[in-house]
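Here are a few exercises to work through with the model open beside you. Try each task before you read its solution.

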Amino acid sequence: MVIAHKTLLATEVLVVITMVMIMARPSVQHTVHVTNKLRDRILIVHCQSKDDYLKAHAVPVGESFRWSFELNAFGGTLFWCKLAVQDKRLVFTAFDHYGHSAVYWYVRDDGVYGKDKLINDVFFKAAWRRVWPRQLTS
């Protein structure tokens with residue numbers, strides 16, 4: 001019984017030390033930018049994570065929508081965005097703590113492109129998907 005009690009106590013101490021280390025680490029702000037590089041159309045940007053709901057924003061040509069956040073204390077921060085312009089839609093992962101994640105997104109007529117703040121290469125992320133209007137029934 002004494003061994004089980006010591007093991008339980010050691011486990012509790014380890015959990016407390018881990019929590020203190022997580023809470024004591026410096027917080028780092030991350031900012032994601034979504035820039036409208038379309039030729040002549042307003043872009044609707046609607047982003048969210050499991051914990052944060054960012055309402056829809058109308059972004060004029062040449063302007064950006066941006067938001068800042070700290071990583072989830074236990075990891076796994078993930079933001080995704082829905083983009084809309086006229087009859088086209090696009091959904092993409094805007095920030096993934098565990099995966100390759102850009103923080104600069106450029107929305108163009110053929111899709112969305114990303115650029116990491118450490119790497120200068122711009123890469124293609126996703127293409128637009130055309131949404132057809134529903135047919136009217138009589």
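**Exercise 1. Find what share of the contacts between residues at least 6 apart in sequence join residues at least 24 apart.**

Start with the cut-off: a contact means heavy atoms within 4.5 Å. Among contacts between residues at least 6 apart in sequence, 48% join residues at least 24 apart. For burial, take under 20% relative accessible area as buried, over 50% as exposed and anything in between as partly exposed (1.4 Å probe, protein chains only). By that rule, 32% of the 138 residues are buried.

Two notes on the source: this is a predicted model, where local features need pLDDT of at least 70, side-chain atom pairs count only at pLDDT 80 or more, and totals for chains, interfaces and linings use all residues. Residues are numbered from 1 along each chain as its sequence is written, and side-chain values use heavy atoms, with hydrogens and water left out.

**Exercise 2. Decide where confidence is lowest and where it is highest.**

The score is pLDDT, the predictor's confidence in each residue, from 0 to 100. Its mean over the protein is 82, and 76% of residues reach 70 or more. Elements are DSSP runs numbered from the N terminus: helices (H or I, at least four residues) and strands (E, at least two). The protein has one helix and 10 strands. Confidence is lowest in helix 1 (residues 2–24), with a mean of 61, and highest in strand 3 (residues 57–59), at 97. Where pLDDT is low, the predicted coordinates should not be read in detail.

**Exercise 3. Work out the strand order of the open sheet of five strands.**

Two strands pair if DSSP finds at least two bridges between them. The order is 3-2-5-6-10, with antiparallel pairing. Strand 3 and strand 10 (129–130) are at the edges with a single partner strand each, so one side of each has no neighbour in the sheet. Further in, strand 5 and strand 6 (residues 88–96) pair over eight bridges, and Lys82 stands opposite Val91 in strand 6.

**Exercise 4. Describe how strand 8 meets strand 9.**

Strand 8 (residues 111–115) and strand 9 (residues 122–127) run antiparallel, joined by five bridges.
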